[in-house]
Amino acid sequence: MKPVNQKAWFLILPVVLCVAFSAILPLMTVVNYSVQDIISPERRVFVGTEWFKSVMRDDDLQGALLRQIGFSLSVLLVEIPLGIALALSMPAKGWKSSAVLVLVAISLLIPWNVVGTIWQIYGRADIGLFGAALARLGINYSYTGNATDAWLTVLLMDVWHWTPLVALLCFAGLRAIPDAYYQAASIDGASKFAVFRYIQLPKLRGVLMIAVLLRFMDSFMIYTEPFVLTGGGPGNSTTFLSQYLTQKAVGQFDLGPAAAFSLIYFLIILLLCFILYNWMQRVGTADKTEAEHG
Amino acid sequence: MARIDLDLAHAYKPNPQRDEDYALLPLKMTFDDGGAYALLGPSGCGKTTLLNIVSGLVKPSHGNVKYDGVDVTARTPQQRNIAQVFQFPVIYDTMTVAENLAFPLRNRGVPAEKIKQRVGRIAEMLEMSKQLDMRAAGLAADAKQKISLGRGLVREDVSAVLFDEPLTVIDPHLKWQLRRKLKQIHHELKLTLIYVTHDQVEALTFADQVVVMTRGRAVQIGTASQLFERPAHTFVGHFIGSPGMNFLPLQHGASGASVAGHPVQAPDAAATLGVRPEYVTLAAPNAAGAVPAVVTQAQDIGTYWLLTTRIGTDGPLVRARLGAEQRAPQVGEHVWLGIQGSHTCYYKDEELLG
Amino acid sequence: MELTLERIEQKVGAQTHLYPLDLTLVPRAVTVLLGATQAGKTTLMRVMAGLDVPSKGRVLADGVDVTGLPVRDRNVAMVYQQFINYPSMTVANNIASPLKLRKESNIDARVNELAAKLHIEPFLQRLPAELSGGQQQRVALARALAKNAPLMLLDEPLVNLDYKLREELRDELSLLFASGQSTVVYATTEPTEALLLGGYTAVLDGGELLQYGPTAEVFRRPRSLRVARAFSDPPMNLVTATAQADGLLLPGGVSLAVPLPATPDPALTLGVRAGALRVHQRNGDVALPGIVELAEIAGSDTFVHVETKIGELVAQLTGVHVFTLGEAITLYLDPRQAYVFDAPGNLLVAPEVI
């Protein structure tokens, strides 16, 4: 229990005001919309939880939700092992290490809509390197026409874009393992796989948890890249949750249901943030106690 | 178990010219098979570098390392078949204690029955038999260090066990028990053990022979007795003993040697007189080999009194240890200190004379 | 500063870190907080400094209640285990920081004076990261001294330093404390350090304050078995005994003539300090023949573990002595050196101080 110092509250007042203006008030507006039926700007009817109920029952929404979950899971299944593998093969010290780090991080620096545009062109069978190569090999590939191809392309694009983040996190985690562990394993006669399984993977546990939750959250909110690449098509095969929501709110101007689902979407993300925060706290204290005694 | 011969030097730069360029000045050392050795010295003296050269983690820039006469300088620690215990416990978090101990044997393809037997024996020696099925990650630091140690001992053909300040993270009241455990293990298994530390208590307790090092140089190798009674170098006199040896500068004049103006018997070549506080006595006034001093501090350490005295008004400080049952002089009292006796040593250029 | 802690209690959730205690520090003297790790020393120091508010009780500085006052408003200097300095400031600026905050004049002169006192003048323009551990801790100490606070708290400041460095700094600290005007509180786990620093000692165990008094007195007359256990290095020899007509009856039929007060329960514990056991007989000594189990050499002393009729005993002998395992040896004990504790663990008999 620390002695209380009241002066600190005044220091954070400007920040509180900014956050209130830019986040909390707009959020309250959304809450307002979600409980009203806006037939026209003048006529607004309070409908309570009706939008929430109808939104949950909407087939289109459920479809988008399922596609989203499928996408996020595939992203994790590919990116996490790939990121670990990449981190393991990156050099640890010297100028080569810095050079490789920069190379790996390049795709993270590209604006997201540009990422979508790059892959749009890359995948075209006539002028794109990837598309043309596949056509040359005789594979019938079209991300605009074929739903599976579109899915795979969006997935591939996300992997290309975000695996480096997982790799960089794991790289940092690996550097935190003291040399003594590797020396001890070498003295114990452990094979490279045993070193990975018994030393590196357990020590990366904290970092991997962060990577998994970050990637899950980000992929759950993904909008720009698939929108630029496929526009949600063909049909609605690559329409994920955020795009569906935008279509609803902006395209069809159904503010009520859109606001309702925004809130649900927001709450899902909030829940995931909460889990991430608590897990990080727990892992953080466990590592700290180990570090103090180790 | 192996006999280890060292004939090497280690420098970080390719063409070392002066002493400062060397991490380890040229040395020749032998560790006998089954002996317990300690490398003792302050931080930065090169003891950990020397240990890493013996284990194979570092390759010496000049010279070689031989195990039982075979040159192993190019071999890895795994190939040399050594075991090493580090400063902080290194255990496999996901395994139980038994699995941790069994790991080195499993990697070598030892049959399961033999593994169980060996693990059981080592666990018993380390008094961990009841914890064999517990997860290693959840145990206290000293238990984890014992597991680290156990992994080294579990291999029967290990050539040497090397310790790099292993008791650093152990609570003080448990250090006592672990030191004893190490000595018992040495007695029972008769392995070649090499122990690096900056703590003289650990070194002198553990080892048959102690290598005292400073600034890359092995200054003296000897038993605890030898290091205590006849330190070959002033550094050894200072470093060993709590508190260390008193060093008094000698002046040579027409009538012989003197300390702060008081005549003493000393060889002509000697520049410094060294006498341990344990051997400084309270003498009768004007006795032979005694000097007058004033008591500046008298500390009651339970089992003994630690006196700090000054010879003359601005002479050197001399410390003396007196038994608890003796009457301790008060601060400011004038006393006569007997500093010359069979235990007094004389030094020139930091080296022991005769 | 006269610091008084009244009925201080510290609870964190369901755990009690400090049981109710009263403590008045002797002003301008050194008080040592002695206890094992997790005994509550750091918790108690934090309450003294004002970093934590106690769950119950009051803290009084010179009679003024400062319990709710944050540490910023109290005049306290603190030195930690982990050499804490401002990493981006030079050593000179580090030492000057408390002086600048108080807008004192003559800052440079003061900084030079303190640097000279702690032997760090050559490093004044360097950054802390460029210095060795011992030197960094000296900078932290200089900064604490610069503050010239009436209360100075040191939480195991020497524990991360080499053995010899610890000895040297401890001597310097003793002199610095003696010449200063602050009340000093020094936490440590080593009983020897408490004895070397002198002053007063407060023994803590498991969050409880067991005894507070002049160090030598707490050492010579531990109020209970717990204090005796906490304030002994090596651990005190404890033997179960029963009261009989003229003294104690020990296991193996050995009798010890000790004048005992009447107690309701004849089950007693005999305590013998390692230094009280000798290998040379004197008049009135009780002989305890036995076999050497282990001999540990520690700097200037040898500790022998002997298995005797009354149990396993540890004897401390001055100097380096060599014993072989299994050798027959006889220890002698003067009955006047015995401590006796009654069944609940309170002190009944303690050796007379000469």
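Two strands are taken to pair if DSSP finds at least two bridges between them, and helices (H or I, at least four residues) and strands (E, at least two) are DSSP runs numbered from the N terminus. The model is predicted, with local features needing pLDDT of at least 70, side-chain atom pairs counting only at pLDDT 80 or more, and totals for chains, interfaces and linings using all residues. Residues are numbered from 1 along each chain as its sequence is written, while chains are lettered from A and ligands numbered from 1 in the order in which they are written.

**View 1. An open sheet of four strands in chain B.** The strands follow the order β11-β15-β21-β22 with antiparallel pairing, and the edges are β11 (246–249) and β22 (351–352), each of which pairs on one side only. Four bridges join β11(B) to the antiparallel strand β15 (residues 272–275) of chain B, where B:L248 stands opposite B:L273.

**View 2. The contact of chain B with chain A.** Chain B contributes 22 residues and chain A 15 residues, two residues being in contact if their C-beta atoms, placed from the backbone, lie within 7 Å. On the side of chain B, the elements giving two or more residues are α2 (77–80), β6 (82–85), α3 (97–107) and α5 (141–153).

**View 3. Packing of helices α2 and α4 in chain C.** Helix α2 (residues 91–101) and helix α4 (residues 133–147) of chain C pack at an angle of about 25 degrees with their axes 7 Å apart, the axes being lines fitted to C-alpha atoms over the stretch in contact and angles running from 0 to 180 degrees between N-to-C directions. α2(C) is therefore roughly parallel to α4(C), a term for angles under 35 degrees.

Definitions and conventions:
Parallel < 35°, antiparallel > 145°, perpendicular 65-115°, else oblique.
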